[in-house]
Structures are given as C-alpha cells and as structure tokens.
Amino acid sequence: MRKVVTLSIFSLFLGACVSNDAVEVVAESPIQYIDLTSKDYKERVKEYWVLDKNQAPRYPISAARKRVSGCVDVIVGIKKDGRMGEYKVMKSYPEGIFDQYATAALKHWKWSATQDNSDSAPVLTSIQLDFMVDGAKNKSEAETLCGFTHI
C-alpha cells in the first residue's frame with residue numbers, strides 16, 4: 001500500500017512538471033539566389049562579392065601516387081554572410097576523385113559584399129578548382145577537359 005501511495009504522489013509530481021506550452025517550429029525559407037552561373041555572367045559575381053579568404057584544396061594522396069591531374073567545377077551559393085551555402089558538383093575529371101577535396105576547401109572560403117551589393121544579395125556562381133601534379137599520366141586529357149596547362 002505504501003508503494004502505491006508513493007507512486008501516486010510521484011506521478012502527480014511528474015504530471016505537474018510537464019509543460020503544456022506548444023513549441024512552434026519555424027521552417028527556414030529557401031535562399032533566393034541571383035543566378036550568375038552562366039558563362040555570360042561569370043564575371044558579374046565581382047559586382048556583388050569580393051573574395052576575401054580562400055583555401056587551396058588538399059591533394060588526395062592516392063591521386064598524387066597515381067600521378068593524376070584533374071578539376072572540379074562547382075556551382076556555389078554565396079550566402080548573405082559571405083560564406084558558401086548550397087553547392088552542386090557540375091563536372092569533375094576524373095569523376096569523383098577530387099570532388100570531396102574541392103568542396104571541403106570551398107567551405108572555408110569567405111566573400112565580402114561590394115558597395116553595390118549593400119543588402120548582401122546571395123548569388124550562385126561557378127568555380128573551377130584545378131588539381132595538377134607534375135608528370136601526370138593523364139596530362140593531355142586533363143588539359144583538354146579542364147582547360148588548363150601544366151607547369
């Protein structure tokens with residue numbers, strides 16, 4: 001009997017501690033980017049944002065050992081705070097080898113809004129990161145597909 005009374009009192013105490021306040025969940029609205037990904041608009045990103053800080057991507061050890069060069073073309077959203085938002089890998093050569101390293105580096109990039117972009121309008125832009133190694137086995141193909149020249 002004593003246990004029943006104790007449990008009853010304990011359950012009343014716990015019931016009193018439960019809050020009936022509803023928690024409102026507010027969904028974050030999607031960012032409305034200005035699309036500057038077209039080749040015609042590639043240079044217009046400089047009218048909105050100036051790159052303050054960039055970090056070179058790490059070179060994958062496996063690719064260096066195999067002497068493979070390549071590139072990754074990424075569509076990047078620059079958010080109001082000047083940091084990378086959404087992104088999408090549009091093209092990579094060789095496919096999948098450098099993608100993770102390119103996007104990891106871009107996450108450390110920081111842009112500042114220009115005077116003409118006083119409201120810090122978010123934009124989408126295309127950025128290509130190149131991965132080159134001396135004596136690459138795929139040198140001519142990488143130069144053709146990535147549009148760069150080895151040193």
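Select Phe98 to begin: at 0% relative accessibility, this residue counts as buried (buried means under 20% relative accessible area, exposed over 50% and partly exposed in between, with a 1.4 Å probe and protein chains only). The model is predicted, so local features need pLDDT of at least 70 and side-chain atom pairs count only at pLDDT 80 or more, while totals for chains, interfaces and linings use all residues. Residues are numbered from 1 along each chain as its sequence is written, and side-chain values use heavy atoms, with hydrogens and water left out.

**The whole chain**

Now display the protein chain as a cartoon. Five helices and six strands make up its elements; these are DSSP runs numbered from the N terminus, helices being H or I with at least four residues and strands E with at least two. From the N terminus on, the order is α-β-α-β-α-β-β-α-β-β-α. Of the 151 residues, 34% count as buried.

**The aromatic rings**

A pair of aromatic rings is described by the distance of the centres and the angle of the planes. Rings of Phe, Tyr and Trp (its six-membered ring) pair if their centres lie within 6.5 Å; planes under 30 degrees apart count as stacked, over 60 as edge-to-face and the rest as tilted. The structure holds four such aromatic pairs. The ring centres of Tyr59 and Phe98 are 5.5 Å apart and their planes stand at 65°, so this pair is edge-to-face. Tyr59 lies in the loop between β2 (49-53) and α3 (61-65), and Phe98 in the loop between β4 and α4, so the pair ties together parts that are 39 residues apart in sequence. Tyr59 is partly exposed, with a relative accessible area of 24%. Next, select Trp109 and Trp111: their ring centres are 5.9 Å apart and their planes are at 50°, so the pair is tilted. Both tryptophans, Trp109 and Trp111, are buried.

**Helix α4**

Select residues 99-106, which form helix α4; here Asp99, Ala102, Thr103, Ala105 and Leu106 are buried. Seen down the axis of α4, the buried residues fall within an arc of 160°, so they line one face of the helix (the arc is that of the directions from the helix axis to the C-beta atoms). They pack against β3 (70-78), β4 (84-93) and β6 (123-131). Now centre the view on Thr103, which is buried with a relative accessible area of 7%. Leaving aside residues up to four places away in sequence, Thr103 touches Met84, Tyr87 and Val89, where contact means heavy atoms within 4.5 Å.

**Two pockets**

Finally, select Val45, Lys46, Trp111, Thr125 and Ile127, which lie nearest the centre of the largest pocket among its 13 lining residues. On a 1 Å grid over the protein atoms alone, a pocket is an open set of points with protein on both sides within 12 Å along at least five of seven lines, and lining residues have an atom within 4 Å of a point. The lining of the largest pocket divides into eight nonpolar, two polar and three charged residues (Ala, Val, Leu, Ile, Met, Phe, Trp, Tyr, Cys and Pro count as nonpolar, Asp, Glu, Lys and Arg as charged, and the others, Gly among them, as polar). The second largest pocket is lined by Thr37, Lys39, Lys42, Asp73, Ile75, Met90, Lys91, Ser126 and Gln128. The elements that give two or more residues to this lining are β3, β4 and β6.

How values were computed:
On a 1 Å grid over the protein atoms alone, a cavity is a set of points where a 1.4 Å probe fits but cannot get out, and a pocket is an open set with protein on both sides within 12 Å along at least five of seven lines; lining residues have an atom within 4 Å of a point.
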